Amino acid sequence: MFKMFDKWKQDRKLKAARAILPEVNALKEQLAAESDEALRARFEDFRAKARAGAPVEAMLPAIFAAVSEAAFRTLRIRPFDVQVLGGLALCQGAVAEMATGEGKTLTAAFAVFVQHLTGRQVHVCTANEYLAQRDAHTLFPLYQFLGLQVGVVRISQDRDEKQLVYSCDVVYGTHMAFAMDYLADHLVRHPNEAVQVRGRGFALVDEADSVLIDDARIPVVLTASRPVDPELYETVAGWAQKLTRAPDANGVGDFWIDGQDRQAVLTEAGYDAVNALFIEAGLLSANESEHYTGEHQQLLHKVTAALAARHILHRDQHYVVQDGRIVLVDELTGRLNPGRSWDAGLQQALEAKEGLELSPESSVLGRISLQHYFKLYEGLAGMTGTATTEAEELLAVYGLPVVEIPTNKPCIRVDEPDRFYRTQAAKIAAVVEDVIARHAKGQPVLIGTASIEQSEALSALLAAKGLAHEVLNARQHEREAEIIAQAGAPGAITVSTNMSGRGVDIILGGNPDGELRRRWAAMGEEAWNAMSGAEQKTLVDEIRAQQSAAADFVRKAGGLHIIGMERYESRRMDRQLRGRAGRQGDPGSTCFYISFEDPLVENFAGEKIRGLLTQLDIKPGDELESALVKKAIDSAQRQVEGRSADARLHLIKFDEVLNEQRRVIYAQRDEILWADNLSSWLSELRDEQAELLCEQFAPEKEVQEGWDLKGLSDALAQFGVTLEPDEALRDLEAEDLLAKVKSLMDERHAQAAAQVPAENLDNAERYVVLSMLDQNWFYHLEDLAELRRGINLRAHAKVDPQLAYKKEAFKMFERMLDAIKVGMVTSALTWRLSPSEPTPDASS
């Protein structure tokens with residue numbers, strides 16, 4: 001019933017947007033007669049009215065009509081009504097679900113300009129840097145006409161480049177780049193080193209389901225390197241080879257593999273065996289009472305990491321080895337992630353397994369989940385082709401309703417029933433037969449595989465049959481756009497991991513622009529420039545005519561056919577693959593081939609399927625059509641979706657603790673970073689410490705004879721302040737003693753401040769104080785990570801791990817805040833300028 005209510009609310013949003021369409025279309029007709037100068041003047045008028053306080057919502061029909069006309073003049077593209085509807089949904093702070101090929105790139109421009117009028121900088125988040133560059137380049141002429149500056153941010157850019165990019169009105173980049181820059185901005189020691197100085201106004205997330213759901217499983221972490229002990233990892237890797245695997249939690253062996261949670265778990269026998277190895281290697285005391293320390297937990301974690309590296313993570317599926325190093329493969333997209341690594345020793349365990357040089361371990365400098373990062377924006381919206389299955393989570397976590405935008409033309413794609421096989425070999429043989437048959441009639445085929453290993457195995461079989469084809473996986477990710485753009489050419493066969501070139505349209509007949517680039521590369525720039533304008537136009541027209549004829553041929557052959565080599569872990573990913581076919585009313589078809597040996601079936605529906613096989617007497621090579629089998633696999637898929645959603649919710653709940661603490665630390669840091677008079681702020685902090693010390697060692701309620709003057713003297717010594725514990729001090733009143741302590745601390749501060757010119761004092765003290773704050777925060781992050789890794793063991797003592805983590809983390813945070821205050825005052829009073837250091841100044 002509640003889902004029906006949500007659908008009703010979505011329909012109302014769409015109905016409100018449809019009501020504006022006639023006015024937008026009527027205004028577009030009027031604007032068509034205006035000159036470019038008059039149209040540009042309209043955008044300036046919109047800005048003037050917005051600055052004067054006019055509600056932007058009241059101007060939406062005029063804005064959308066003007067942007068539509070500007071798009072036609074600059075891009076020669078007339079936006080469809082569905083793109084206008086999508087843009088209106090984005091302006092309402094929703095996720096616009098638009099099918100593949102419906103023009104999401106241009107749809108974004110409407111929302112970008114509207115948000116610009118509200119005074120917000122817009123961050124457009126894309127799935128990868130290639131799409132960020134492509135979309136910004138595509139829309140650049142339009143943005144220029146609208147009077148907007150646009151830039152593209154990359155992780156590899158230096159600070160000066162990023163500062164220039166972030167000064168623009170619209171910034172394209174990946175969610176990783178934006179979140180990393182946010183964390184990095186909270187490590188700078190001077191205001192002019194920050195890059196995101198315009199804040200976080202509005203985020204428009206392309207492929208929103210991929211970013212906000214899939215990528216949100218893993219937090220964004222900023223790290224620094226620290227030395228690693230290769231000998232220890234090599235020793236542990238050797239132990240992992242010798243430990244025996246049990247079939248399940250109750251079986252005989254040293255460990256078992258939890259296929260659903262994908263982790264190696266030590267049995268009681270394995271726990272004892274591993275401890276014996278630790279003791280033998282001199283890493284652990286034989287005294288059992290010392291077996292529950294943090295160091296012991298770290299050693300155990302290294303063992304389970306080595307077991308996971310050997311038995312769970314597989315080469316060419318979860319990672320590849322490139323140039324002597326481990327590079328992660330994103331399981332959801334199939335793309336390489338060269339900027340990421342596994343944490344908590346798993347990366348080094350894999351390197352030890354592969355016999356590679358071990359990379360340094362990492363120290364955490366900053367960490368944030370995407371759920372909390374995107375909540376930092378004043379406004380948020382998204383676009384994707386598949387969001388309805390995750391609508392509940394998008395609304396609950398991000399406050400984003402999903403609005404389904406109808407297609408511009410009716411979808412005529414045929415989704416064939418799934419085909420089931422008992423074994424992988426039978427399934428693959430059937431796929432190859434299907435490909436051969438479709439290739440013979442010139443129908444293009446796109447085959448979605450689950451791993452690099454599977455894609456290359458299938459490629460080998462196709463090659464053995466003499467079938468020319470392209471392979472799109474993490475090894476060829478640099479040619480991704482080129483390969484996927486030509487996947488609709490007559491007779492094309494494309495084998496792809498589930499990356500499938502998201503964000504790149506598959507045009508029936510092939511992409512003419514890609515063919516033009518190929519011809520240009522073949523003839524060379526010099527030969528192209530030697531051609532006259534008429535000759536160049538003739539060549540372009542020839543290529544477009546060939547593509548049009550090829551497109552007609554492919555349509556008659558049935559359009560693009562999609563083959564899924566197995567069901568993915570969510571229905572949404574299946575829909576993404578299906579959505580590659582049938583764009584803009586084109587014909588197309590899809591079919592999934594499923595083996596009972598597929599990981600999804602094995603891990604989540606194995607017992608049910610085995611029971612059905614026994615009942616139905618299915619032979620290994622038989623194809624099966626059974627409603628019961630389909631129901632069992634659908635159930636397994638929903639089970640995985642539920643577990644994944646629970647895992648993300650689990651991450652959010654644990655990360656909420658860190659989020660609250662990060663907000664406090666970052667707010668304090670920002671106050672220090674942007675303070676105009678830091679000395680005044682430090683003076684208040686010194687006075688606070690003086691009061692605490694006097695209250696501790698010479699309280700006002702205590703008679704003078706009871707004062708601990710020696711204790712007070714020792715405590716002040718850490719601040720570089722000398723107070724002789726003279727008995728004469730007992731003649732002072734408590735408030736006079738406090739005044740004396742404050743005066744001594746002020747004198748000590750004056751001595752430290754004399755090291756630099758007065759105009760540079762704030763910069764010097766800012767550097768010193770922030771260094772102390774950061775150091776304590778880094779240690780705290782490491783402590784929290786260690787607490788988090790071992791907190792689930794509390795469940796054995798009937799203690800709620802989440803509640804225990806919250807309590808422990810709060811105590812740790814309070815201790816850190818006290819340490820930071822003491823450390824800041826200590827640093828401010830005792831810092832020394834090295835003779836080799838330049839004097840900090842305002843430009844440093």
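Analyst: Lys537 is exposed, as its relative accessibility is 51%. The model is predicted, and local features need pLDDT of at least 70, side-chain atom pairs count only at pLDDT 80 or more, while totals for chains, interfaces and linings use all residues. Residues are numbered from 1 along each chain as its sequence is written, and side-chain values use heavy atoms, with hydrogens and water left out.

The side chain of Lys537 forms a salt bridge with that of Asp541, at 2.8 Å from N to O. A salt bridge here is a side-chain nitrogen of Lys or Arg within 4 Å of a carboxyl oxygen of Asp or Glu. Both residues belong to helix α21 (residues 533-556), and because they are four residues apart, about one helical turn separates them. Helices (H or I, at least four residues) and strands (E, at least two) are DSSP runs, numbered from the N terminus. Asp541 is partly exposed, with a relative accessible area of 37%.

The structure holds 39 salt bridges. One of them pairs the side chains of Glu378 and Arg120, at 3.4 Å from N to O. This pair links distant parts of the chain, 258 residues apart: Glu378 is in the loop between α14 (370-374) and β13 (379-384), and Arg120 is in the loop between α5 (104-117) and β2 (122-126). Glu378 is exposed, at 58% relative accessibility, whereas Arg120 is partly exposed, at 23%.

Another salt bridge joins the side chains of Lys742 and Glu691, with 3.3 Å from N to O. Lys742 sits in helix α28 and Glu691 in helix α26 (residues 678-697), so the pair ties together parts that are 51 residues apart in sequence. Glu691 is partly exposed, at 40% relative accessibility.

Glu735 is exposed, at 59% relative accessibility, and it is one of the members of a patch of negative charge on the surface, together with Glu695, Glu700, Glu733 and Asp736. Such a patch is made of residues with over 30% relative accessible area and no salt bridge, with like charges joined within 9 Å.

The strands come next. Strand β12 (residues 361-368) has six of its eight residues buried, so the rest of the structure largely encloses it. Strand β6 (residues 220-226) runs antiparallel to β12, and seven bridges join the two. Strands pair if DSSP finds at least two bridges between them. Val220 is placed in β6 and is buried, at 1% relative accessibility. The C-alpha atoms of Val220 and Leu183 are 8.9 Å apart, although the two residues are 37 apart in sequence.

Strand β7 (residues 255-258) points Phe255 and Ile257 one way and Trp256 and Asp258 the other way, and all are buried. Strand β8 (residues 263-266) is joined to β7 by four bridges, and the two run antiparallel. Gln263 in β8 is the bridge partner of Asp258.

Two loop residues have a positive phi. Arg76, a residue other than glycine, has phi near 60 degrees. The loop that holds Arg76 runs between α3 (60-75) and α4 (81-91), and Arg76 is exposed, with a relative accessible area of 58%. Gln584 is likewise not glycine and has phi near 50 degrees. Gln584 is in the loop between α22 (571-578) and β21 (588-595), but it is buried, at 14% relative accessibility.

Finally, helix α29 (residues 761-790) contains Tyr767. Tyr767 is partly exposed, with a relative accessible area of 48%, and its C-alpha atom is 9.8 Å from that of Ala828, 61 residues away along the chain.

How values were computed: Patch = residues over 30% accessible without salt bridge, like charges linked within 9 Å, V, L, I, M, F, W, Y side chains within 5 Å. Areas by Shrake-Rupley, 256 points an atom, 1.4 Å probe, with all protein chains shown as cover. Lys, Arg positive; Asp, Glu negative; His and termini not counted. Charge placed at Lys NZ, Arg CZ, Asp CG, Glu CD. Buried < 20%, exposed > 50% of the residue type's maximum accessible area, 1.4 Å probe, protein only.
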